[in-house]
Each structure stands twice: as structure tokens, then as C-alpha cells.
Amino acid sequence: MENKLSTENHEFPKSIGKPAQRALLAAGYQRLQDLTSAAEQELLELHGFGPKALGILRQALDEQELRFKS
């Protein structure tokens with residue numbers, strides 16, 4: 001049986017850790033660009049996702065001149 005929430009082959013920085021990656025995938029975020037439709041507080045409410053992962057993703061978005069939803 002294939003794991004539908006596999007963290008392989010996704011564009012999230014590996015440094016956010018597997019639990020945070022799984023939380024994002026379970027919430028429907030497949031790519032870094034998908035996070036532009038999410039507010040930071042929404043992500044912090046995900047089980048397995050915390051402030052460290054948020055900071056890493058904020059930096060990754062910034063590098064691509066993208067932002068979280070206001």
C-alpha cells in the first residue's frame with residue numbers, strides 16, 4: 001500500500017523535518033508555492049508543525065520573493 005503522505009519528491013526544505021512535512025501534506029500543501037495561500041497562524045495550528053519549521057519556510061519563501069497570506 002502506497003503512503004499518500006510520503007515526504008519524498010516535494011519541494012519543502014528538508015530541514016523542516018518529517019513531522020512538519022507530513023503535516024503540510026496532510027493539509028493539502030504540496031509545494032512551497034502553495035504556502036502563499038496560508039496564513040502563518042493556520043500552519044502553526046497543524047499537528048506536528050511548529051515555530052522552527054515556520055521560520056525555515058519563511059526564509060525559503062523569502063528567497064523566492066514569496067510571502068505567506070496576510
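**Figure 1. Salt bridge between Asp-34 and Arg-31.** The closest N and O atoms of Asp-34 and Arg-31 are 3.9 Å apart, and the two residues form a salt bridge (a side-chain nitrogen of Lys or Arg within 4 Å of a carboxyl oxygen of Asp or Glu). The model is predicted: local features need pLDDT of at least 70 and side-chain atom pairs count only at pLDDT 80 or more, whereas totals for chains, interfaces and linings use all residues. Residues are numbered from 1 along each chain as its sequence is written, and side-chain values use heavy atoms, with hydrogens and water left out. Asp-34 counts as partly exposed because its relative accessibility is 23%, and Arg-31 is likewise classed as partly exposed, at 39%. In these terms, buried means under 20% relative accessible area, exposed means over 50%, and partly exposed lies in between (1.4 Å probe, protein chains only). The whole structure contains four salt bridges.

**Figure 2. Salt bridge between Glu-40 and Arg-58.** Glu-40 and Arg-58 form a salt bridge in which the closest N and O atoms are 3.0 Å apart. Glu-40 belongs to helix 2 (residues 40–44) and Arg-58 to helix 3, so this pair ties together parts that are 18 residues apart in sequence. Helices are DSSP runs of H or I with at least four residues, strands are runs of E with at least two, and both are numbered from the N terminus. Glu-40 is partly exposed, with a relative accessible area of 28%; Arg-58, at 40% relative accessibility, also counts as partly exposed.

Figure 3. A salt bridge joins the side chains of Asp-62 and Arg-67, at 3.0 Å from N to O. Asp-62 has a relative accessible area of 44% and is partly exposed, while Arg-67, with 53%, is exposed. Glu-65 lies in the segment after helix 3 (51–63). Its phi is near 55°, a positive value in a residue other than glycine. Glu-65 counts as exposed because its relative accessibility is 72%.

**Figure 4. The largest nonpolar core.** This core has 19 residues; a nonpolar core is a set of buried Ala, Val, Leu, Ile, Met, Phe, Trp, Tyr and Cys residues joined through side-chain atoms within 4.5 Å. The residues with the most contacts inside the core are Phe-12, Ile-16, Leu-24, Leu-35, Leu-43, Phe-49 and Leu-57. Helix 1 (18–26) and helix 3 each supply at least two of its residues, and helix 3 gives the most, with six. Apart from neighbours within four places in sequence, Leu-57 is in contact (heavy atoms within 4.5 Å) with Phe-12, Pro-13, Ile-16, Leu-24, Leu-32, Leu-35, Phe-49 and Phe-68.

Figure 5. The buried residues of helix 1 are Ala-20, Gln-21, Ala-23, Leu-24 and Leu-25. An α-helix has 3.6 residues a turn, so residues three or four places apart point the same way. The cover over the buried residues of helix 1 includes helix 2 and helix 3. Gly-28, which follows helix 1, has a positive phi near 100°.

**Figure 6. The protein chain as a whole.** The protein chain has three helices and zero strands, in the pattern α-α-α along the sequence. Of its 70 residues, 31% are buried. Among contacts between residues at least 6 apart in sequence, 42% join residues at least 24 apart.
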